[in-house]
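Q: Hi! Could you walk me through this model? I'll show it here.

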Amino acid sequence: MLRVEDITHSYKSGNEWTSVLHKINFAVKEGEMVALLGSSGSGKSTLLNLMAGLMKPTEGHIYIADKDIVKMGENKLAEFRRKNIGFIFQAYELITSLTVRENVELPLVFQSVSPRARKAKALALLEQVGIPDKADLFPSQLSGGQQQRVSIARSLITEPSVIFADEPTGNLDSKTEEEIISILLNLNRTMKTTFIVVTHEYKVAEQMQRIFTLKDGFLITESQREPQVQTEPQIEPQLELKTEVQGEEQIAEEAEPQTMVEVEEQLAAGAEQEAVEPQTAAADEDPPAEEPEHQTAAEADPAEGGKP
Ligand SMILES: Nc1ncnc2c1ncn2[C@@H]1O[C@H](COP(=O)(O)OP(=O)(O)O)[C@@H](O)[C@H]1O
Ligand SMILES: [Mg+2]
C-alpha cells in the first residue's frame with residue numbers, strides 16, 4: 001500500500017546542498033506496522049515527512065494506494081493527505097484553545113460530516129484510547145501520555161489508510177511509552193490501520209512487525225520479526241468506524257471551513273445544535289451547519305497539526 005522508490009533528498013543551506021537520504025527503497029503492505037529505526041540525524045523525520053506528503057523529495061517516487069504523491073499538485077495532495085494520511089507528532093501538537101473532543105473532531109471539520117456524527121465518533125475514539133472521561137478538558141489539563149492519546153484519536157478520526165508517527169513516545173517516560181506503544185499495537189491489530197513508526201529506540205522498534213534501519217541517510221537493514229505468541233488478551237474492536245451515526249446522513253457538499261476561526265465557529269455551532277436538539281428528532285432533519293465564507297488559506301490543516 002506504500003512504496004518508496006529511489007528516494008533521494010538534499011537540503012540546501014546557503015549555497016551548499018547536503019544529501020540526507022540516498023536511494024531509499026522499500027515497501028509496506030496494507031495493515032502492517034513497521035518501525036523506522038535510526039539514531040538522531042539519520043534521516044528518519046525527513047523520510048517520514050516525505051512519505052506523508054509534507055514535502056517533496058529531490059528525486060524518486062512515493063506511492064500510496066498506487067498513487068504517486070510526489071507527482072501530485074499542491075491542492076490534490078492536500079486533499080489526498082486529509083483523506084488518507086494520519087500523523088502523530090512527538091510533541092502532540094494539540095490546539096490549546098480547543099477541548100480534547102474538539103481536537104479529535106478537528107480533521108472532520110474539513111470533511112462533510114455532521115456535527116453530531118463528528119462528536120459521536122470523537123467520543124468513541126477517546127474511549128478506544130482509554131480517556132473517555134477527558135473529553136471536555138483542555139490539553140493543558142492532561143498529562144503528556146494523555147495528550148498523546150488525544151493525538152492518536154485525532155489521527156484516526158478520518159479513518160486514514162496509513163498513520164505516520166514521528167517518535168510518538170519521545171517526550172514520555174518509559175512506563176507511559178509502553179502504554180502508548182501498546183495502544184498503537186492494539187489499534188493496528190483491531191482496526192488494521194497501517195502504521196509507520198519512527199523511533200531511535202530498539203525496544204520500541206522490536207515490537208513492530210518489521211524494522212527498517214536508517215544510518216546516515218542509507219537504508220541499511222530490513223528485518224522481519226517472528227510473529228509473537230499473544231500474551232495479553234486482544235482488545236476487541238469497540239468501535240466500528242463509520243461516518244454515519246445511527247442513521248444520520250452526512251451533509252453532502254457542505255463548504256469546508258478554511259481558517260481556524262471558521263473551524264472554531266463550526267465546532268461551536270455543533271455544540272449549540274447539540275444542546276437544543278430534541279433526542280428524538282428525526283436524524284435527517286439536521287439543518288446543515290452554516291456555510292462559512294470561502295477563503296483560500298489552508299493554514300489550519302489538522303492533519304498536519306500545525307507543523308510544516
Ligand atoms: N530543514 C532542514 N534543513 C537543512 N538540513 C536539515 C533540515 N532538516 C533536517 N536536516 C538535516 O538532515 C539530516 C537528517 O535529519 P532528520 O531527518 O531530522 O533526522 P532524524 O529524524 O533521524 O533525527 C540531519 O543532518 C539534519 O541536520
Ligand atoms: Mg527526527
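What follows is a chat about this structure.

A: Happy to! This is a predicted model, in which local features need pLDDT of at least 70, side-chain atom pairs count only at pLDDT 80 or more, and totals for chains, interfaces and linings use all residues. Residues are numbered from 1 along each chain as its sequence is written, while chains are lettered from A and ligands numbered from 1 in the order in which they are written.

Q: Great. How many helices and strands are in the chain?
A: The chain has eight helices and 10 strands. Helices (H or I, at least four residues) and strands (E, at least two) are DSSP runs, numbered from the N terminus.

Q: And what share of the residues is buried?
A: Of the 308 residues in the chain, 38% are buried. Buried means that 20 or more other C-beta atoms lie within 10 Å of the residue's own; exposed means 12 or fewer, partly exposed is in between, and C-beta atoms are placed from the backbone.

Q: Which residues are around ligand 1?
A: The residues there are Tyr 11, Ser 13, Thr 18, Val 20, Gly 38, Ser 40, Gly 41, Ser 42, Gly 43, Lys 44, Ser 45 and Thr 46. To count, a residue's C-beta atom, placed from the backbone, must lie within 6 Å of the molecule.

Q: Which element gives the most to that shell?
A: Helix 1, with three residues. Strand 1 (2–13), strand 2 (16–28) and helix 1 (44–51) each supply at least two.

Q: Staying with helix 1, is Asn 49 buried or partly exposed?
A: Asn 49, which is found in helix 1, is partly exposed because it has 19 other C-beta atoms within 10 Å. Leaving aside neighbours within four places in sequence, Asn 49 is in contact with Leu 54 and Met 55. Contact means that the two C-beta atoms, placed from the backbone, lie within 7 Å.

Q: New topic: where is Val 197?
A: Val 197 is in strand 8 (residues 194–199). Val 197 counts as buried because it has 27 C-beta neighbours inside 10 Å. Beyond four places in sequence, its contacts are Ala 35, Leu 36, Ala 165, Pro 168, Leu 184 and Met 208. Asp 166 is 31 residues away along the chain, yet its C-alpha atom is 6.2 Å from that of Val 197.

Q: Now helix packing. How do helix 5 and helix 6 pack?
A: Helix 5 (residues 144–156) and helix 6 (residues 174–191) pack at an angle of about 15°, with axes 10 Å apart. Therefore helix 5 is roughly parallel to helix 6. Angles under 35 degrees count as roughly parallel, over 145 as roughly antiparallel, 65 to 115 as roughly perpendicular and the rest as oblique. Axes are lines fitted to C-alpha atoms, for helices over the stretch in contact, and angles run from 0 to 180 degrees between N-to-C directions.

Q: What about helix 3 and helix 4?
A: Their axes come within 9 Å and cross at roughly 120°, with helix 4 spanning residues 115–128. So helix 3 is oblique to helix 4.

Q: How many residues of helix 3 are buried?
A: In helix 3 (residues 100–109), 10 of its 10 residues are buried.
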